[in-house]
Amino acid sequence: MPRSRRLAVLAGAVALTAVLAGCSTTVHLEPAADANNPACANVSVLLPESVGGLDRVFTDAQATGAWGDPTVVLRCGVEPPAPSALVCTTLGGVDWLVLDQEEDRQRLVTFGRDPAIEVTIRRGEQIDFQAIVDKISASIQSGLQPATGQCTDRVEFPAG
């Protein structure tokens with residue numbers, strides 16, 4: 001193959017790679033402290049392709065998932081919470097502590113699971129928080145470690 005043709009093919013391949021890379025968005029996330037826990041790998045492979053009408057997007061951190069731009073973020077391997085007076089609810093067969101509401105987001109963390117999983121949902125959009133967490137819970141439940149504790153005073157999920 002003539003040199004000029006090889007260069008043209010190489011340039012075309014580089015251009016195609018750049019175009020394809022531009023089509024996929026990767027969200028930068030910080031992994032949780034215990035993200036390399038093998039139990040997080042079990043959860044990661046079970047994450048749903050969509051939640052609440054939001055499609056899954058690629059992330060660059062181990063044991064994470066994101067949906068939307070990202071509107072919903074999941075991190076496996078966060079510190080398991082101690083018993084708490086926070087709202088505790090069961091969605092999709094998984095107990096979740098509803099952490100104190102923040103202005104721009106709502107966070108939940110699994111209760112009685114080690115490693116724990118944190119889900120953060122951005123506020124300000126028409127989102128069914130309960131449906132999103134219920135879908136994630138139902139999807140990952142089979143990959144979770146057995147519960148070592150449970151909510152003793154379950155409440156309905158607070159309106160978002």
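Author: A residue is called buried if its relative accessible area is under 20%, exposed if over 50%, and partly exposed in between, with a 1.4 Å probe and protein chains only. The model is predicted, and local features need pLDDT of at least 70, side-chain atom pairs count only at pLDDT 80 or more, and totals for chains, interfaces and linings use all residues. Residues are numbered from 1 along each chain as its sequence is written, and side-chain values use heavy atoms, with hydrogens and water left out.

By the cut-off for burial, 38% of the 160 residues in the protein are buried. Its secondary structure consists of three helices and nine strands, where helices (H or I, at least four residues) and strands (E, at least two) are DSSP runs numbered from the N terminus. Along the sequence these elements come in the order α-β-α-β-β-β-β-β-β-β-β-α.

There are two disulfides in the structure, a disulfide being a pair of cysteine sulfur atoms within 2.5 Å. With the bonded cysteines numbered in sequence order, the pairing reads 1-2, 3-4.

Take Cys 40 and Cys 76 to begin with. Their sulfur atoms are 2.2 Å apart, and the link is left-handed, with -80 degrees about the S-S bond. Because Cys 40 belongs to helix H2 (residues 38-44) and Cys 76 to strand S5, this pair ties together parts that are 36 residues apart in sequence. Both Cys 40 and Cys 76 are buried.

The other disulfide links Cys 88 and Cys 151, with an S to S distance of 1.6 Å. The torsion about its S-S bond is about -55 degrees, so this disulfide is left-handed. Cys 88 is in strand S6 (residues 87-91), while Cys 151 is in the segment after helix H3 (129-140), so the pair ties together parts 63 residues apart in sequence. The relative accessible area of Cys 88 is 6%, so Cys 88 is buried. Cys 151 is buried as well, at 4%.

Next, the surroundings of Cys 76. Cys 76 is one of the residues that line the largest cavity, together with Ala 39, Val 43, Pro 115, Ile 117, Gly 143, Leu 144 and Gln 145. A cavity is a set of points, on a 1 Å grid over the protein atoms alone, where a 1.4 Å probe fits but cannot get out; lining residues have an atom within 4 Å of a point. The largest cavity has a volume of about 30 Å³, and the count of cavities of 30 Å³ or more is one. Its lining has six nonpolar residues, two polar ones and no charged ones.

Strand S5, which holds Cys 76, runs antiparallel to S4, and four bridges join the two. Strands count as paired if DSSP finds at least two bridges between them. Leu 74 in S5 stands opposite Gly 65. S4 and S5 form a hairpin with four residues between the strands, and Gly 68 there has a positive phi near 85 degrees.

S4 (residues 64-67) is covered on both faces, with Thr 64 and Ala 66 buried on one side and Gly 65 and Trp 67 buried on the other. Strand S3 (residues 54-59) also pairs with S4, in the antiparallel sense over two bridges. Val 57 has Ala 66 of S4 as its bridge partner. The hairpin of S3 and S4 has four residues between the strands, and Ala 63 in the turn takes a positive phi of about 60 degrees.

That leaves the packing. The largest nonpolar core has 26 residues, of which Trp 67, Val 72, Trp 96, Ile 117, Ile 121 and Ile 136 touch the most other members. Such a core is a set of buried Ala, Val, Leu, Ile, Met, Phe, Trp, Tyr and Cys residues joined through side-chain atoms within 4.5 Å. H2 and S5 each supply at least two residues of this core, as do strand S7 (94-98), S9 and H3. The largest contribution, five residues, comes from H3. H2 and S5 are also the elements that the link of Cys 40 and Cys 76 ties together.

Notes
On a 1 Å grid over the protein atoms alone, a cavity is a set of points where a 1.4 Å probe fits but cannot get out, and a pocket is an open set with protein on both sides within 12 Å along at least five of seven lines; lining residues have an atom within 4 Å of a point. Grid points are joined across faces, edges and corners, and a volume is the space filled by probe spheres set on the points. Ala, Val, Leu, Ile, Met, Phe, Trp, Tyr, Cys and Pro count as nonpolar, Asp, Glu, Lys and Arg as charged, and the others, Gly among them, as polar.
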